[in-house]
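Let's take a walk through this protein together.

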Amino acid sequence: MKWKSQLENLKAYQPGKTMEDVKEMFGLEKVTKLASNENPFGCSGLVRKFLQEAALSPNIYPDGYAKTLRFALADHLSVKPTQLLFGNGSDEVIQIISKALLTRDNNTVMATPTFPQYKHNAIVEGAEVREVSLDQNGKHQLTKMLEAIDESTSVVWLCSPNNPSGEYIRNMELIEFLDNVPEHVLVVLDEAYYEYVVADDYYDALQLLKDYPQLLITRTFSKAYGLAGFRVGYGIASEEIIAMLEPVREPFNVNTLGQGAVVAALQDQQFIEKCVGENRKGLEQYYEFCKTEGLNYFPSQGNFILIDFKMDGDEVFQYLMSKGFIVRSGQALGYPTCVRVTVGSQQENEKVIEVMKGFLATKKNRIV
Ligand SMILES: *Cc1c(COP(=O)(O)O)cnc(C)c1O
């Protein structure tokens, strides 16, 4: 068959072990998953209420324009409904952008390590991938990213807060970048963890959209809103950009349940505030642990933390898993001596920290 040659070395997404798998493997009663940055507090009660009361007709296609959701979100963000593009998760928004803009004849610029789907989609489309290392603090090197751009660059991907480092782009840095990026480049700003950010010098992306028409923001209901299972993400950009992307989207890409759940979730901003507050407290628990143990970590604006154990991340991962905690090994994330842990509830954090301490105690001879 005439497969695209670029598919030769492309691997399918490797899903982590499920909680059921781990229970069985280690004969555990209880397993806690802190691997995918899911919300440990579930989702808004309004979503549960919607699910109980929704009179759904599974035989009917979803609203392909997601009109109710579109108007509710436009209102929430104070943008026009025509400035929004919905996806089956922001993963699909990334795919739509890639399909619309990337070809064998152009290139795309991104940081590394960062969210892997930018590169994955670029490879499928055959575009040249130009990766610019994060600095040692896990921050985007925007000047170097500008240098990597040329007349054949079609999309630049910025991830802020960046997954997996948790670092973010400062307001002044982003403005300087946008002032200097050539007009033919679409700048995608992935703000999957937007709701969790508390830093004072974080930018206001929606405000920047007014001055920089080449900007496209992606966000999601999978993280702070706790609706990962429903798969709803979105892009925000100028009406012109959205109008170009819309025809690339599948006609019924956001399902009926997802649309309804998100409309309900938007009405409960108190839930988000509560989760953001708990997340900050949780991060402090990890910071304190790292300081006590002399471990380096990356200060995070997301709901996860990357901790450097200065040893094979797989080893830490395996140990934690045997004790019932699923985290992500840094080996798969470009930080081989780290693990990435999703911030859980206070109690979950306490427990996983206790297990980490136990692990470190078995490693007295480690290099500090
Ligand atoms: C989780 C995540 C996404 C994808 O989320 P969806 O569930 O597809 O909406 C996108 N970008 C980053 C940086 C993420 O961490």
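A polar contact is a pair of N or O atoms within 3.5 Å; within protein, one must be able to donate a hydrogen and the other to accept it, and residues adjacent in sequence count only if both atoms are side-chain atoms. This is a predicted model, where local features need pLDDT of at least 70, side-chain atom pairs count only at pLDDT 80 or more, and totals for chains, interfaces and linings use all residues. Residues are numbered from 1 along each chain as its sequence is written, and side-chain values use heavy atoms, leaving out hydrogens and water.

| Ligand atom | Side chain (N or O atom) | Distance |
|---|---|---|
| nitrogen | Asp 190 | 2.6 Å |
| oxygen | Lys 223 | 3.0 Å |
| oxygen | Arg 231 | 2.7 Å |

How much of the ligand does the protein bury? Taken alone, the ligand exposes 390 Å², and the protein buries 94% of that (Shrake-Rupley method, 1.4 Å probe).

Now for the sheet. Its 4 strands are open-ended in the order β9-β10-β13-β12, with antiparallel pairing (strands are DSSP runs of E, at least two residues; two strands pair if DSSP finds at least two bridges between them). β9 (296–297) and β12 (328–329) are at the edges with a single partner strand each, so one side of each has no neighbour in the sheet. Between β12 and β13 there are 2 bridges, and Arg 328 has Arg 340 in β13 as its bridge partner.

Finally, Ser 345 is buried at 16% relative accessible area (buried means under 20%, with a 1.4 Å probe and protein chains only).

How values were computed
Buried < 20%, exposed > 50% of the residue type's maximum accessible area, 1.4 Å probe, protein only.
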